[in-house]
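Work through the exercises below with the sequence and model open. Try each task before reading its solution.

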Amino acid sequence: MEPSTTISPATHEFTIPTKTLVTMEDLALFQTSSALKDIMNFIIQLQKSVERKSNSDVKIKEGLIPIANVLSELSKYIDEIPPIQQPMRFGNKAFRQFIDKVKTNGPTLMSVILKTEAQKRATLEIQEYFLDSFGSYERIDFGTGHELNFLVFLFVLYKIGYYTAADFPEVVNVLFNQYIQVMRKLQRTYLLEPAGSHGVWGLDDYHFLPFLFGASQLKDHDYIAPKSIHDDKILAAESDKYMYLDCIKFIKEAKKGCLFAESSPTLNDISNVLSWNKVCTGMVKMYQAEVLFKHPVIKHLRFGSVLKFNPSKQPTFLNKPNSSI
C-alpha cells in the first residue's frame, strides 16, 4: 500500500509550512492526525522497499539525478567553507556560512530539482523542509528533527508525483544514503553538537532513520547478523553496502577509545536480538516513540498544504508506544 494518493501540482494550492506543535496538547492532537499516518506509512513503505537490498543493488534512475546533483553541490559547499579557528572545540561557527550559502542559493537549488512549471509551484513549500534538513543555524547542532525534515522533503516530492513507489529503493539506498554522507561530512567538518542527545537510550548522537532502513537491508542475510556489528572485519568489508553497518563504523571511529557497550548501550543491546526482522519491527516502534512523540523534537516540524496538521479528534491522553526492541 502506498502512503497516500498523489496530488496535482498544477492545480494544488501550496502554502509556506509553519510550526504548529507548540504545546503538549498539540502533540496529543498530532497523534490523531493524518500527518502522523502519512509519515509512518511513508517510513514503513521505504523500509520495506529496501528489504534484502544493499546500496550497490540499486542504481539511481534519471528522474532522481537532479536531487543527487543538489546533494553533491552541498558537499562542494563544505569544501569551500573550511572551519575557522575558535576557542570552542565543538560547534564551529563556519557552519553558519554553510547554512547561509544554502539559504541564499535555495531557489536555485530548487530549480535544479523542480523542472516543470507545475512542479515549480511547490517551490516555497518544499524549500522549507529542505532548508531545515541540515541543522540549526543558531545552535550549530543537528539531530533527528532535522533528519525528519529531509524525510518530509522526500515525502512532498513523492506526493506531487516527482517519483513513484517503484522508485523507493533508489530514494533510500541512493538519495537518503547520499544525504547521510553529506551530514556526516558536516558533522566531521564543523563538529556539530548533537541536538538533544538521547543519552543512554539513543541510537546515535545525530541519526535514526539509517538504522531503521539499514536493518531492513540486512534481513535474512547469509552471514551478517545483529551481533556482527562487533566484528571489525565485517564492518570494514561491508559498511559501504549497508547503512546500518556504516552507522556503527562511524560511531566507533567518532568514539574511538570508548567501549561500544558504554558509548552506545542501546545499539549494544540490539546486537543481542536474534533476527533483523525483529530489529526492523522494533525500530519502527522506537522511531515513533522517541522521535515523533517527543515534543522537543517534533515541535520544530512544519505543516503546510501537503503534510497537513488536521487532527481527527480531541485527545484525552498522550499515547506512549513501546520503544524497546
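Two exercises follow, each with a worked solution.

This is a predicted model, in which local features need pLDDT of at least 70, side-chain atom pairs count only at pLDDT 80 or more, and totals for chains, interfaces and linings use all residues. Residues are numbered from 1 along each chain as its sequence is written, and side-chain values use heavy atoms, without hydrogens and water.

**Exercise 1.** Describe how helix α2 packs against helix α15.

Solution. Locate α2 at residues 34–49 and α15 at residues 276–292. Helices here are DSSP runs (H or I, at least four residues), numbered from the N terminus. Take the axes as lines fitted to C-alpha atoms over the stretch in contact, with angles from 0 to 180 degrees between N-to-C directions. These axes come within 11 Å and cross at roughly 150°. Therefore α2 is roughly antiparallel to α15 (angles over 145 degrees count as such). From α2, the contact (heavy atoms within 4.5 Å) uses L36, I39, M40, I43, I44 and Q47. From α15 come C280, V284, Y287, Q288 and L292.

**Exercise 2.** Is Y287 buried or exposed, and which residues does Y287 contact?

Solution. Start with position: Y287 lies in helix α15. Next, accessibility. Y287 has a relative accessible area of 0%, so Y287 is buried (under 20%; exposed is over 50%, with a 1.4 Å probe and protein chains only). Now set aside neighbours within four places in sequence, apart from which Y287 contacts I43, E147, L148, F208, L209, L212 and L292.

Terms used: Helices (H or I, at least four residues) and strands (E, at least two) are DSSP runs, numbered from the N terminus. Angles under 35 degrees count as roughly parallel, over 145 as roughly antiparallel, 65 to 115 as roughly perpendicular and the rest as oblique.
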